[in-house]
Amino acid sequence: MTTIQAHRTEITFTGFGGQGIVLLGKIVGEGAALGDHRQSTLTQSYGPEARGGACSAQVIIADQVIHYPYVRRPDILVCMSQGGFDRFAPDLKPDSLLLIDQGLVKLPRAFDHPVFAVPATQIAEELGRKMMANIVMLGFFTAVTGAVSEPAVRSTVEHSVPKGTEPMNLNAFTKGFDHGKALLKGREKKAAGRKGAL
Amino acid sequence: MKPAVWTGDHFFTGDIACAEGALAAGCRFFAGYPITPATEIAEHMATRLPEVGGTYIQMEDEIASMAAILGASCAGVKSMTATSGPGFSLMMENLGLGICTETPCVVVNVQRAGPSTGLPTLGAQADMMQARWGSHGHYEIIALAPASPQELFHLTITAFNLSETYRLPVLVMADEVVGHLSERVVIPPAAAVKTRERVPASGRRDRYKPFQRGACGVAPMAAAGAGYAVHVSGLTHDERGYPDMSAAGQEKMMTWLTEKIRANRDKIIQTESYRLDDAEIAIVSYGISARSSLAAVDEARAAGIRAGLLRLVTVWPFPEELIRDLAGRVRALVTVELNLGQIHLEVERCARGQAPAILVGHAGGAVIPPEEIVARLSAVSRT
């Protein structure tokens, strides 16, 4: 369930302007195209409001040429703001993967879609730079979804961030990646345990 | 100095690809005024031109931008500007000057929804008729419609080559979606980029005619200051460039300005066919709408509808004969575009009643989704 195998994966990243949502999408798209040698597109929606306004990046990864570059219903939805969650969660399909920054998105009470949560902003703050929350989320995303390969994303991070900040960004990526792997491991154990009890 | 051709595999927007295409084509002068969604072209040129020995000037407006690139071209430098909607409107007067004075240059319009300020951040394809007839007077123009960042790279080079070959401004009619879309862009080695270089004037200075009209092509262009006497005027002029204020002079100049394009239509026009051979319904589309159309063709075929696509890479001059022939062998022609019927009317005109012309249009601000096209194809196939 956690590894996307389909030949076309539609991903929506959402948050507010200034969080680096578009950079997040760009690294994923570029990693897929140049690192994994697959097809990918990145489109973004933005308004004149820029910083603080709603913002989303749409990435499609496929093994065939992508004609229509927009996400209809996301296979993966990544939410880094409440507004983004409220707007895009209704588009989720039953088997879509939902990833949230748990410090920024509060799930409604009756919400029963499985969630992969990471305290991305909190981890970035602990690393000393809140603005690296997108890179923490990138690591988490890579570990949980498998939509792009880890080496492809790592090398894309290295040349996408400002000179001199590469080590701290790669560290932020690792923190998010490890968090994702640990979460998956925990769930596998839990699932195995449940099976054993039956 | 850095290399002008940024060889390698990249992942960036159509706007960046356009700027890199210009540099690869030999463009060394850009004058412009920033405007969404074309700003990134100016921004990238501002960074890159100084690295390759070129010049970037931010002008006071788009009227001046167009004037500046004509001036640069007259001085012997390949030049370009990029704009959108309102800026394109301001460029129209001097675009005509470029046509009249046979001055090669490239004008990029990353189309957004209008009229007026419209939707600055959202796409449209509604300047297609402005591209054809936006400046006053009767003239021929060349306009290209890229459908991807990769194609924006290549077609910007093509635009420069055509502008040098036929001595006129060439329009790259992109749209916001293609301009802002990021995809893989492969830039070939510099040696593999074919560029058309300007033929300098040669021979006796007293015999040089800067606007010589000949069967073998356009006249060599002497750069201002190269020693040849050059008189460049927006007035109707003779081959020497001197004003000729007569109906006969106008007839001669206009015949030349239109015929140099009309006679070479076959060399200029580029189109792409997709699953057209056995198609019953032919879609005609270009730019971002052609991508939705490609997806629609596949979806329609899967549903048993024999659809195909004619993608216009060159929109002006219009592929009249191709549309006429196509109309003779399909049940319907469906034009898909982000306006309320511009190229659609051209298709209808060229079909000459052989097949009905149907529009799948949209006022702009969103891309037409493939399912909307499929629904129309399905309705047409049932009639």
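Before I start, one definition: the domain bounds I use today come from an automatic or database domain assignment. Also, please keep in mind that this is a predicted model.

Hi everyone, let's open with chain B. Its domain assignment gives domain 1 at 8-192, domain 2 at 205-266 and domain 3 at 270-382. How far apart are the centres of domain 1 of chain B and domain 2 of chain B? Taken over C-alpha atoms, the separation is 25 Å. The two do meet: 14 residues of domain 1 of chain B are in contact with 14 residues of domain 2 of chain B. On the domain 1 side of that contact, helix α4 of chain B, residues 85-100, provides the largest share, three residues.

Staying in chain B, have a look at helix α2, residues 39-48. Which of its residues are buried? They are B:Glu40, B:Ile41, B:Ala42, B:His44, B:Met45 and B:Arg48. As a reminder, an α-helix has 3.6 residues a turn, so residues three or four places apart point the same way. The cover over the buried residues of α2(B) includes β1, α1 (14-25), β2 (29-32), β3 (55-58), β4 (79-83) and β5 (105-113) of chain B.

B:Pro188 sits between β9 and β10 (213-214) of chain B. Is B:Pro188 buried or partly exposed? It has 14 other C-beta atoms within 10 Å, so B:Pro188 is partly exposed. Leaving aside residues up to four places away in sequence, B:Pro188 touches B:Thr7 and B:Val193. Compare that with B:Val172: B:Pro188 and B:Val172 are 16 residues apart in sequence, and 21 Å lie between their C-alpha atoms.

Now over to chain A. Chain A contains six helices and six strands, and along the sequence they run β-α-β-β-β-α-β-β-α-α-α-α. The radius of gyration of chain A is 16 Å, close to the 16 Å from the globule rule for 198 residues, so chain A is as compact as a globular protein of that length. The C-alpha trace of chain A spans about 50 × 40 × 35 Å along its principal axes. Of its 198 residues, 47% count as buried. As for contacts in chain A with a separation of 6 or more, 63% are between residues 24 or more positions apart.

Next, how the two chains meet. Here 15 residues of chain B are in contact with 16 residues of chain A. On the chain B side, β1 (8-13), β9 (182-187) and α10 (287-302) each supply at least two residues, and α10(B) gives the most, with four residues. By class, this side of chain B has seven nonpolar, four polar and four charged residues.

Last topic, the nonpolar core. The largest one has 173 residues, and A:Val136, A:Met137, B:Val108 and B:Leu333 touch the most other members. Helix α4 of chain A, residues 133-145, gives the most to this core, with nine residues. From chain B, domain 1 (8-192) and domain 3 (270-382) each contribute at least three residues to this core. What does B:Leu333 touch, not counting residues up to four places away in sequence? Its partners are B:Ala282, B:Val284, B:Leu326, B:Ala327, B:Val347, B:Ala351, B:Ala355, B:Ala357 and B:Ile358.

Conventions
Residues numbered from 1 in each chain as written. Chains lettered and ligands numbered in written order. Predicted model: local features only at pLDDT ≥ 70, side-chain atom pairs only at ≥ 80, totals over all residues. Contact = placed C-beta atoms within 7 Å. Nonpolar A, V, L, I, M, F, W, Y, C, P; charged D, E, K, R; others polar. Buried ≥ 20, exposed ≤ 12 C-beta atoms within 10 Å, placed from the backbone. Rg over C-alpha atoms; globule rule 2.2 N^0.38 Å. Core = buried A, V, L, I, M, F, W, Y, C linked by C-beta atoms within 7 Å.
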